[in-house]
Amino acid sequence: MSFFKVNHNCNGCLACVQNCPAGALSYRDEGNKRTLMHNMSLCARCGNCWRICPQKAVEFEGILKGQWDEVTTMELVHCMVCGEPLYTDGFRRTMDGKLDYEPANLCPLHKKTFSLDAWRHLAFDEKAVRRNAV
Ligand code: SF4
Ligand code: SF4
């Protein structure tokens with residue numbers, strides 16, 4: 001049972017993890033899933049996660065439990081070349097409405113190292129891009 005809860009608005013952006021002063025929030029990327037975790041024994045109950053969450057997703061409900069709780073699990077988007085986890089599907093959907101371009105699913109390394117030719121292929125054939133990178 002988890003004492004720290006998020007509602008369905010959570011998109012896995014990790015703003016709460018990055019801004020928790022007590023290290024009480026963490027996450028795990030495994031396969032196609034990102035899992036947000038909270039440790040009540042580290043939590044200072046400062047409310048920073050609640051204030052900082054851009055999705056208004058944090059819901060407090062808790063007493064000291066003393067272990068890592070899995071808060072929520074969501075789909076992950078990976079780099080199309082090396083498979084490194086990039087962000088969640090929900091975060092991608094949130095950003096889709098805010099960007100005036102369509103970002104490719106590439107990690108920083110493969111964004112930098114892709115040849116111009118590969119970028120041309122990217123527009124037409126994702127499989128061709130994978131071959132170009134090896
Ligand atoms: S709870 Fe809020 S800040 Fe934390 S991952 Fe979910 S949407 Fe982002
Ligand atoms: S209440 Fe404060 S210490 Fe607890 S998880 Fe949120 S930001 Fe971290």
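Colleague: Where does R45 lie?
Modeller: This is a predicted model. In it, R45 sits in the loop between strand 3 (33-39) and helix 2 (48-52).

Colleague: And what is phi of R45?
Modeller: Phi is near 55°. That is a positive value, and R45 is not a glycine.

Colleague: Is R45 exposed, partly exposed or buried?
Modeller: R45 counts as partly exposed, because it has 13 C-beta neighbours inside 10 Å. Buried would take 20 or more, exposed 12 or fewer.

Colleague: What about L14, where is that found?
Modeller: L14 is in the loop between strand 1 (4-6) and helix 1 (15-19). L14 has a positive phi too, about 75°, although it is not a glycine.

Colleague: Why is L14 called partly exposed?
Modeller: Because 16 other C-beta atoms lie within 10 Å of L14.

Colleague: New topic. Which residues of the largest nonpolar core touch the most other members?
Modeller: V6, C16, C49 and V58. That core has 14 residues.

Colleague: What is C16 in contact with, leaving aside its neighbours within four places in sequence?
Modeller: L25, C49, I52, C53 and V58. Among them, C49 and V58 are also on the list of core residues that touch the most other members.

Colleague: Now the ligand. How many residues surround ligand 1, and which are closest?
Modeller: 13 residues surround ligand 1. The closest are C10, C13, A15, C16 and C53.

Methods: Residues are numbered from 1 along each chain as its sequence is written. Chains are lettered from A and ligands numbered from 1 in the order in which they are written. This is a predicted model: local features need pLDDT of at least 70, side-chain atom pairs count only at pLDDT 80 or more; totals for chains, interfaces and linings use all residues. A nonpolar core is a set of buried Ala, Val, Leu, Ile, Met, Phe, Trp, Tyr and Cys residues joined through C-beta atoms within 7 Å. Two residues are in contact if their C-beta atoms, placed from the backbone, lie within 7 Å. A residue is near a molecule or strand if its C-beta atom, placed from the backbone, lies within 6 Å of it. Helices (H or I, at least four residues) and strands (E, at least two) are DSSP runs, numbered from the N terminus.
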